[in-house]
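Please look at the sequence and the model first.

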Number of protein chains: 10
Amino acid sequence: MLYHVAMTVRLPADMDPAVAGEIKAREKAYSQALQQQGVWRHIWRVAGLYENVSIFDCRDNAHLHEVLTGLPLYPHMDIAVTPLCRHPSSVREDDR
Amino acid sequence: MLYHVAMTVRLPADMDPAVAGEIKAREKAYSQALQQQGVWRHIWRVAGLYENVSIFDCRDNAHLHEVLTGLPLYPHMDIAVTPLCRHPSSVREDDR
Amino acid sequence: MLYHVAMTVRLPADMDPAVAGEIKAREKAYSQALQQQGVWRHIWRVAGLYENVSIFDCRDNAHLHEVLTGLPLYPHMDIAVTPLCRHPSSVREDDR
Amino acid sequence: MLYHVAMTVRLPADMDPAVAGEIKAREKAYSQALQQQGVWRHIWRVAGLYENVSIFDCRDNAHLHEVLTGLPLYPHMDIAVTPLCRHPSSVREDDR
Amino acid sequence: MLYHVAMTVRLPADMDPAVAGEIKAREKAYSQALQQQGVWRHIWRVAGLYENVSIFDCRDNAHLHEVLTGLPLYPHMDIAVTPLCRHPSSVREDDR
Amino acid sequence: MLYHVAMTVRLPADMDPAVAGEIKAREKAYSQALQQQGVWRHIWRVAGLYENVSIFDCRDNAHLHEVLTGLPLYPHMDIAVTPLCRHPSSVREDDR
Amino acid sequence: MLYHVAMTVRLPADMDPAVAGEIKAREKAYSQALQQQGVWRHIWRVAGLYENVSIFDCRDNAHLHEVLTGLPLYPHMDIAVTPLCRHPSSVREDDR
Amino acid sequence: MLYHVAMTVRLPADMDPAVAGEIKAREKAYSQALQQQGVWRHIWRVAGLYENVSIFDCRDNAHLHEVLTGLPLYPHMDIAVTPLCRHPSSVREDDR
Amino acid sequence: MLYHVAMTVRLPADMDPAVAGEIKAREKAYSQALQQQGVWRHIWRVAGLYENVSIFDCRDNAHLHEVLTGLPLYPHMDIAVTPLCRHPSSVREDDR
Amino acid sequence: MLYHVAMTVRLPADMDPAVAGEIKAREKAYSQALQQQGVWRHIWRVAGLYENVSIFDCRDNAHLHEVLTGLPLYPHMDIAVTPLCRHPSSVREDDR
């Protein structure tokens with residue numbers, strides 16, 4: 001089941017760069033593992049901003065909650081969740 | 001080059017159902033032709049609303065403008081465009 | 001799976017009262033059938049407004065979409081959907 | 001009498017985890033005691049966010065005020081209160 | 001129990017003045033009857049606008065809903081409801 | 001002459017409780033003195049929030065400004081001022 | 001006593017130009033009479049928009065209400081009222 | 001040429017009162033010098049708020065920019081600029 | 001002197017296409033004449049929307065007002081005006 | 001390909017002036033190098049504010065992202081990106 005998730009990162013301007021770097025490295029590894037599993041189906045950068053637009057494929061709302069709250073950058077993010085479904089005009093049989 | 005486009009349809013409540021049906025049929029055909037060409041890369045329905053979230057792959061801003069203003073439902077839509085690019089955490093080499 | 005849905009009804013001020021009455025009667029029957037099936041788990045009136053707050057229990061996002069777009073008053077409603085899950089402080093084992 | 005209450009928690013990013021943990025433990029105990037008494041009738045987590053949607057059953061506005069301002073997390077919450085009543089389409093005799 | 005209610009009237013610019021006058025006369029009579037009963041405790045005009053700020057004293061949320069939806073101008077109003085209680089700094093024993 | 005004033009208090013979460021308590025005590029005394037003089041005609045608590053809705057009876061705009069900026073909590077408040085007048089539907093001769 | 005009033009005119013696009021012209025002529029005469037009396041102290045056009053920013057000098061809130069609701073264009077205006085007073089940095093003794 | 005400028009002052013709650021007092025004294029002197037020169041044509045206090053509404057008469061946009069960024073309180077202000085011109089209903093020949 | 005002007009066109013969906021076409025033709029001629037004179041310095045289409053972003057070079061605010069209110073599409077536009085000046089980081093001596 | 005970019009600078013009020021000066025000097029050099037290359041086609045100051053409106057000419061969305069995130073002031077800016085294209089009423093053959 002699909003969810004559209006918009007994430008805006010707001011790291012404090014005075015955060016220690018080493019600390020920030022370490023969190024970002026864990027964030028990347030976390031994201032790539034979920035992409036490999038097919039849970040984090042798409043991730044795109046919003047041009048010019050420290051924001052991404054992502055598509056998640058989760059079992060249910062609880063699964064999505066577990067995935068998002070596990071993000072290493074979660075305490076520094078504004079998140080907006082929108083549930084999606086297959087569009088009747090899609091040329092695909094499934095929700096790709 | 002990718003663009004995130006959110007479309008909200010606002011058909012007048014008193015539109016003749018036959019007219020509305022004909023516009024929607026042309027909209028679907030127009031959308032599916034662009035999906036087949038790889039220009040309209042994704043289209044998802046926002047659950048519960050007469051809205052979609054779409055990803056377009058266009059040559060440039062002018063191409064996107066031409067594609068969107070050609071939508072049969074265009075005069076009845078609110079549209080929000082966000083330019084995207086590949087995310088550095090993506091597991092893919094390209095912008096899929 | 002639960003969804004919080006806020007619905008605001010905006011019937012045109014000049015709608016024929018007989019037409020409005022007929023739509024409302026169908027809306028009530030539709031709502032009560034879904035309540036009996038356990039899909040529309042709660043419906044409350046917002047005091048002083050022509051709005052309700054509802055909790056739906058659906059199989060997935062597509063099921064919710066089907067249920068909401070089938071509402072007789074759907075063309076005259078503003079709708080906001082929020083996906084829910086069990087709260088860790090709940091005293092219940094399930095999502096009641 | 002019912003109230004819909006939406007609570008968003010905004011703990012400072014630099015709060016001592018031990019302090020945060022202690023406040024959350026008191027919050028959970030406070031919430032569960034009120035749930036057992038039937039005052040905090042429902043609590044649901046908003047998927048992906050540090051927010052909940054709750055239904056309170058209080059004697060009057062003053063009772064609601066006393067209950068909410070007693071929340072251990074109250075100084076760190078944004079709260080929105082909406083008074084509710086039984087919906088005329090409800091299949092129940094009371095405001096369940 | 002007290003409620004703060006802000007009402008903004010939006011009569012269509014092309015409404016027949018005789019119809020508008022008749023609705024306003026019924027509105028005034030309705031308001032004055034409720035003031036006499038002590039239910040509509042205060043009504044003030046917002047200077048320069050077709051808006052009022054009112055204080056209602058109702059038995060409960062359902063009573064408030066019944067009172068507001070009975071307003072002859074109700075279909076032409078935007079309404080915002082805020083539940084109130086006695087302020088701890090008030091010099092009065094009750095909620096006056 | 002009447003003014004509707006909405007006040008939201010935003011004390012810093014890390015303010016010394018003794019300092020906060022002292023300011024609140026002065027605020028209460030200041031408010032009660034003005035209530036006794038008939039200047040601060042009404043004060044109500046917004047249920048569930050650290051906000052009040054008040055009605056002031058001042059000689060003119062300058063008097064209102066002097067009264068509000070003298071509030072001990074003034075540096076920690078968001079304030080919204082709305083000038084009022086007697087409503088033509090009021091059952092009273094004056095602006096009560 | 002001074003008030004800052006921002007007025008935005010929204011004449012229906014399909015209004016008969018003769019009717020619009022007649023209302024505007026009455027509006028101008030009404031405005032100029034009040035300017036001559038010193039009640040409508042300033043009126044400026046917002047560059048590029050069908051809006052004005054005005055300063056009114058009225059006896060009290062009720063006087064302002066009477067003046068504004070008497071505007072021939074009043075049914076077609078959005079109005080925002082802000083009460084003013086002399087600024088302590090003003091070089092003038094009064095509120096000019 | 002006229003500009004409407006709204007200024008909201010947001011001094012940090014923990015600013016040293018001596019520092020704040022010194023900045024305010026310079027602000028007042030700066031404002032009064034410009035008023036004497038006819039550049040800062042009007043300044044009014046918004047009743048109840050730490051805001052002013054001002055009218056500036058500048059040679060051009062660059063002159064306005066120079067005047068505003070020279071304000072001693074500039075780093076602590078939110079500023080909104082609106083270009084004005086003479087209103088066709090004004091009884092004056094110029095833009096007074 | 002420069003102004004940034006954002007224009008959003010909102011033609012009624014039911015406008016006669018011949019009437020709309022005639023207004024748009026006059027709009028284009030009007031725009032091109034002002035571009036030739038150097039008054040309308042730039043005009044760009046916002047990709048995907050019926051909006052433009054323009055830069056005007058006018059003598060003063062009154063000149064801008066005259067130019068904008070003369071637009072054939074003016075009654076069907078939402079307009080936002082922002083006064084500009086040369087940026088200190090510009091590589092040009094003037095405001096190009 | 002063109003993009004409209006609005007940038008608002010929000011330097012912390014307590015930033016060391018020497019640090020701020022050094023960042024601004026690097027920002028200016030960075031901006032001027034890109035202007036010389038034709039990438040940063042226009043930059044204008046918004047009169048009275050610490051904001052600019054800029055036009056960028058980039059190869060694609062990824063190029064724009066690289067250019068913007070390289071700004072020395074980037075961590076202290078709010079940025080809004082709008083993709084542009086040639087307007088059909090432009091008198092120019094290209095997107096100038």
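The sections below cover the basis of the model, its sheet, its helices and the contact between its chains.

## Basis

This is a predicted model, in which local features need pLDDT of at least 70 and side-chain atom pairs count only at pLDDT 80 or more, while totals for chains, interfaces and linings use all residues. Residues are numbered from 1 along each chain as its sequence is written, chains are lettered from A and ligands numbered from 1 in the order in which they are written, and side-chain values use heavy atoms, with hydrogens and water left out.

## The barrel

In the order S1(A)-S3(A)-S2(A)-S4(B)-S1(B)-S3(B)-S2(B)-S4(A), 8 strands close into a barrel with antiparallel pairing. Neighbouring strands of this sheet are turned by 35 degrees against each other on average, direction ignored. Strands (E, at least two residues) and helices (H or I, at least four) are DSSP runs numbered from the N terminus, and two strands pair if DSSP finds at least two bridges between them.

Within chain A, strand S1 (residues 2-9) and strand S4 (residues 77-86) run antiparallel and are joined by 7 bridges. Thr8(A) has Asp78(A) in S4(A) as its bridge partner. Between the chains, S2(A) pairs with S4(B) over 3 bridges, again in the antiparallel sense.

Helix H2 (residues 61-69) of chain B lies across strands S1 (2-9), S3 (51-57) and S4 (77-86) of chain B. Its direction runs at about 25 degrees to S1(B). Axes are lines fitted to C-alpha atoms, for helices over the stretch in contact, and angles run from 0 to 180 degrees between N-to-C directions.

## Where the chains meet

Contact, meaning heavy atoms within 4.5 Å, links 30 residues of chain A with 30 residues of chain B. The two chains bury about 2,700 Å² between them, 61% of it on carbon and sulfur atoms; buried area is the accessible area (1.4 Å probe) that two parts lose on being put together, summed over both. In chain A, Trp44(A), Arg45(A) and His87(A) lose the most area to chain B, together 25% of what that side buries.

Between chain A and chain B there are 0 salt bridges (a side-chain nitrogen of Lys or Arg within 4 Å of a carboxyl oxygen of Asp or Glu). On the side of chain A that touches chain B, S2(A) gives the most, with 6 residues.
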